[in-house]
Amino acid sequence: METKDLTRGSIGKELFYLALPLMLANLVNIAYNMIDMFFIGMSGDEALSAVGTAGLYLWLASSVVYFSKQGMETLLSQSIGRGNVHESRDIIKTGVSINVVISVLYTLVMLLFAGPLIYVFNLESQVINDMAIIYLRIASFAILFMMINQNLMSIFQARGQTKQVLIYNGIGLVVNMLLDPLLIITLDLGAAGAAIATVVANALVFIISVVSLLKYDRQFKEPARFVRLIAGRIMRISIPTGTYQVFFTFVAMIISTYAITYGDNVIAAQRIGSQVESLSWMFASGLGIACGVFTGQNYGAKNKERIDKAYKYLFRFSTVYGIFLLWLFIAKADPMMRLFTDSNEIVAIGVNYFYALSVSQVFTLYEGIGSGYFNGYGLTKIPSFFSISGNVLRIILVIGFSLAIGLNGIWIGISLSGIYRGLGLIICKVIYDKRGKMDIV
């Protein structure tokens, strides 16, 4: 597998072949989660609420991994742009080593403290509490593989090998699709069955990725070093991104806890709604990674013109896709909810969720490419500022609007804070460009 050079050739074509597998891979991840929700919903609303609650800690894990992932990905793409193979190997070994330590520690916390972590949410039903604890304990083993897999995927992404990301995640999806009905429905394991399927699928993706890197890529057969200086650079770039990712997840957990005061069905509706909403933020993630990798390689090659043209391509695509999502969330809210549950109460809550969030979807996409643009330069503090301040604003808006109009005020507050983050990055890029701060010397 050869490293893809993004510093030459057609910009539109390179972006297409770089971003398309990432977006499809994220669609695979969406399908992965939706399949879980579909079969879990068949086993009852209690299981749906339990997995929705415990699943927040899996989401938190995907945020914690950014404390090593972002820095490694940025430095690696820049090193590839400079053509420094030896430095690239050291960056990979150093970044993966940091990630393994973080992943093991996080997994141990989930295993040892599953009970107290679930009771934080103050669920009314003890049955749901028990299901959630069992799910989290089993899924803890999936978390270990999941976190390391994200780091491995960063290697493929930084090198422009996004097809591998799609293929390996696709294999995980197929395995999950086969195991879910068997474990959840046929063997009647419910939430525990969903957790087991997630463990097996993530373990398989890990094995395939490692074998691929070690067996089919000669670069990984060469010796590499853990370099403390590189570790420091990785952490300096990663800490702002990791902080805002974790902060965002904590805010989401706080809001979920607050929303549960309106009833246990709220968490089930929000879980379903957030999975469908991932049609925007998972695409935003794919576009953001593509923008970051493209920017990083061309930053290393000192090619500012290609970076600016790439951003414009991605901005136009985000606008068109965001308008489509606006229509989808308004026109198809009810049927999308009924794919996952027959509960009229959950459907009604979810429909209002979609209506409120519809307007902010295009700004979620703008936030993704804006974050990728600044991350590619190594300026992770800028998107971190807008994310953290946006989430502080989210708490204020959620509490204020919910006190004024009830449950729907929570969804409105979430939507408005998303608009702030995306719009803020657009304005910041315009200001930085006019002042010449993004010029490469």
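Visitor: Is arginine 225 buried or exposed?
Guide: In this predicted model, arginine 225 is exposed, with a relative accessible area of 53%.

Visitor: And which residue does arginine 225 meet in a salt bridge?
Guide: Its side chain meets that of aspartate 90, at 2.9 Å from N to O. The pair links distant parts of the chain, with arginine 225 in the loop between α8 and α9 and aspartate 90 in helix α4, 135 residues apart. Aspartate 90 counts as buried, because its relative accessibility of 7% is under 20%.

Visitor: What does glutamate 87 pair with?
Guide: The side chain of glutamate 87 forms a salt bridge with that of arginine 233, at 3.8 Å from N to O. Here helix α4, which holds glutamate 87, is linked to helix α9, which holds arginine 233, across 146 residues. Glutamate 87 is buried at 17% relative accessible area, whereas arginine 233 is partly exposed at 27%.

Visitor: How many salt bridges are there in the whole structure?
Guide: The search finds nine, and one of them joins aspartate 308 to lysine 304, with the closest N and O atoms 2.7 Å apart. Both residues lie in helix α11, four residues apart, about one turn of the helix, and they belong to a network of salt bridges that also includes Lys429 and Asp433.

Visitor: Changing topic, how many residues are in the largest nonpolar core?
Guide: It has 140 residues, and Leu136 and Trp411 are among those with the most contacts inside it. Helix α10 gives the most to this core, with 16 residues.

Visitor: What is leucine 136 in contact with?
Guide: Leaving aside neighbours within four places in sequence, the contacts of leucine 136 include Ala54, Tyr57, Met110 and Ile118.

How values were computed. Residues numbered from 1 in each chain as written. Predicted model: local features only at pLDDT ≥ 70, side-chain atom pairs only at ≥ 80, totals over all residues. Heavy atoms only, no water. Core = buried A, V, L, I, M, F, W, Y, C linked by side-chain atoms within 4.5 Å. Buried < 20%, exposed > 50% of the residue type's maximum accessible area, 1.4 Å probe, protein only. Helix = DSSP H or I, 4+ residues; strand = E, 2+ residues; numbered from the N terminus. Contact = heavy atoms within 4.5 Å. Salt bridge = Lys/Arg side-chain N within 4 Å of Asp/Glu carboxyl O.
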